[in-house]
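Here are a few friendly notes to read with the structure open beside you. Take the points one by one and find each residue as you go.

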Amino acid sequence: MKNFNAVLRLLFTFIVLPLFTFAQPASKKSEIDKKVETLLKKMTLEEKVGQMNQYNGFWEITGPAPKEGNAKLKYEHLKQGLVGSVLNVKGVENVRKIQEIVVNESRLGIPLLFGFDVIHGHKTLFPIPLAESASWDLQAIEKSARVAAIEASAVGINWTFAPMVDISRDARWGRVMEGAGEDPYLGSKIAVARVKGFQGDDLSANNTIAATVKHMAGYGFAEAGKDYNTVDVGTSTLYNVIFPPFKAAVDNDVKTVMNSFNVLNGIPATANKFLQRDILKSKWNFGGFIVSDWGSGFEMIDHGFSENLAHVAEQSANAGSDMDMESYAYVTHLKSLVESGKVSMAVIDDAVRRILKVKFELGLFDDPYRYCNPENEKNLIYHPDHIAATLDMAKKSIVLLKNEKQLLPLSKNQKKIAVIGALADDKNSPLGNWRVGSDDFSAVSVIEGLKKYTNEFTYAKGADLVLGPVSFIDEVKINNSDTSGFKNAIDAARNSEVVIMVLGEHGFQSGEGRSRANLDLPGVQQQLLEEVYKVNKNIVLVLMNGRPLILNWADKHIPAILETWQLGTQSGNAIAEVLFGDYNPSGKLPMTFPRHLGQLPIYYNYFSTGRPGPKPEVFWSHYTDEVNQPLYPFGYGLSYTEFNYSNLKVDASNSSQIKVSVSVKNNGKYVGEEVAQLYIRDKISSTVRPVKELKGFQKFSLNLGQTKELQFVLTDTELGFYDGEGKFIVENGEFEVMVGTNSEDLLKTTFTKK
Ligand code: NOJ
């Protein structure tokens, strides 16, 4: 067996890899490729391995050089050219100092990549990615990433570990806040918009940065929604649900991909040859490089997959993971693994070529300090244009879940308002989880936003949401018992005409490592809501949360509910504009809201069972103690106005361009924006297809009484799917096509593709 593996490795090294590398005739190789080859020839094995090594932070050495320990080791490695990239360093002065060490003191002076988690803005924070996705506004989403890149590049960063494109169907998973929700079609469009925003048209400009799609792959399918947990998915889900956003980003030239902490079908993603070599680098022809997740190599020892760190290095490098983030595996062991023949030189060269290429494309060899302009740092951070962009994005991200008797919008002359809930006065939570580059407590709170409209309100906290200070690395301690502030809140509500209750999750209750086994309003908030309701039923519930919550009681009793997620720097202003009707909400849920934990995972694009029901007897696919449907379906979101859909028509005469048209009329009392959604169902196919699949959407504005005719075109791209071997196939036959305002309220017709 050992011999067989050795033969395979030799075949791979001398036959397969050279085919990829030398597939293009020399004359066609770009200038950059030539420069890469020239540089590669000058490099020693140690220097090559150095490019594949990424270290965290160098705060210690931006002062005098460290004398001992890890900091000393890292410092020496910088000087020896044994580091290709660092992460978590920001500020032009720090970046310059570290870059200078490498450029001036290492033998070849190859500049470093400076990576950072620029996830939803850098200093100016945008809504969390899940919230932005609720806007279904690709231009605004691209702009958000563009602004993030402008600010990040102004502080010396040239590489972001974003966007996270993991599809997820389980709101218990804390990182749903960081993605685009449950749908591969919407997720792919958003992935491309974000990559374009970060990378711009010209990567060598000093305000564009390399993007990363992560985490390849399956991380969002962690069993039971528990972060880092095992992932076991079949090929249909892998190819049709998990891969599409990654593939879309690769097709749009994303420069890097991050692998993942999880085990996928038994093999850790970091040492997964199928994912990295077969799919990414071979099938998709990905030209950038793959970075591991933080210590994900090292973690393979705990997974029971690697014996020791040397084994980690061997398995990860051979499987195609090009850069090692903080495992110390490559820098410690790769050289001797090459010398002993366990890792081939071709594997190393392939990885280094990819890394150097990105450095050349960023223009770092022309000017290693191109992101180190102190003027930019001074002028671009919190630039008024960025504030305007995040306010716009924040408004577009809000979803109106319920509005009985048109309680919203409130009149600008509304008197006697009570505002209740700790989150109403919170300047920190709306910043969300990923804001390492920004300033804590810098969001506009709801109270501050309201004050721009009125002073006619009384504020009562009701109860603390959390106990003690909260940080990025600690568990959040929730107040589960102290109700001593209830009385004030109830009194305020009793004496008011309308109550605005701001409830939900703390900003650090979602995100990495923050899975929840409960999806209710945390702590004593539900109790507070019910107590207040006893004295005043005129409640507007403003929700702030990083994931879908279970809101059955609120949906049954509370007349108006606004989902505001965590909206970033301009949170309170955006919420106030919506409450008082200066902005008509237009967001649509990118993730299903369940009724019960037992329904999870829940998603709209499920397969029909053989017993879809309902049936008079018990033997059909359902819960006996809960309805099957979600509380709020995917794509759901109301407006202050009303849209009517009619006249759905299909022209299937040209089978490669099926035309679908529909009329939408604004029948209500406000100008408003709508997101029309088109779904298909492939009725009979060689592998079972979902009951609905989003395959098109359009966002548009309608004046009072205005009607718009929408046209959609369905091509093979929308009508095809991947079979179990990952082959894209398109089959003729009958399709349903459905268009409407969310994934459940739809007009429906059929066509036959010939
Ligand atoms: C771990 C996270 O999973 C990843 O998304 C992030 O980019 C790295 N840490 C670096 O902070």
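1. Start with the largest cavity, which has 18 residues lining it. Those lying nearest its centre are Ile 119, His 120, Pro 129, Arg 194 and Phe 198. Keep in mind as you look that this is a predicted model.

2. How much space lies in the largest cavity? About 120 Å³.

3. Next, turn to the domains. The protein chain is divided into domain 1, residues 383-599, and domain 2, residues 643-753. Taken over C-alpha atoms, their centres are 34 Å apart. Seven residues from domain 1 and nine residues from domain 2 take part in the contact.

4. The size of an interface is often given as the accessible area lost when the parts come together. Here, domain 1 and domain 2 bury about 640 Å² between them, with 42% of it on carbon and sulfur atoms. Which residues of domain 1 lose the most area to domain 2? They are Asn 584, Ser 586 and Lys 588, and together they make up 65% of what that side buries.

5. Across the interface of the two domains, one salt bridge is found.

6. Finally, count the polar contacts: five residue pairs between domain 1 and domain 2. On the side of domain 1 that touches domain 2, two residues are nonpolar, three are polar and two are charged.

Terms used. Residues numbered from 1 in each chain as written. Predicted model: local features only at pLDDT ≥ 70, side-chain atom pairs only at ≥ 80, totals over all residues. Heavy atoms only, no water. Domains from an automatic or database assignment. Contact = heavy atoms within 4.5 Å. Buried area = accessible area lost by both parts, 1.4 Å probe. Salt bridge = Lys/Arg side-chain N within 4 Å of Asp/Glu carboxyl O. Polar contact = N/O pair within 3.5 Å; in protein donor to acceptor, adjacent residues only side chain to side chain. Nonpolar A, V, L, I, M, F, W, Y, C, P; charged D, E, K, R; others polar. 1 Å grid on protein atoms, 1.4 Å probe; cavity = no way out; pocket = protein on both sides within 12 Å on 5 of 7 lines; lining within 4 Å. Points joined across faces, edges and corners; volume = space filled by probe spheres on them.
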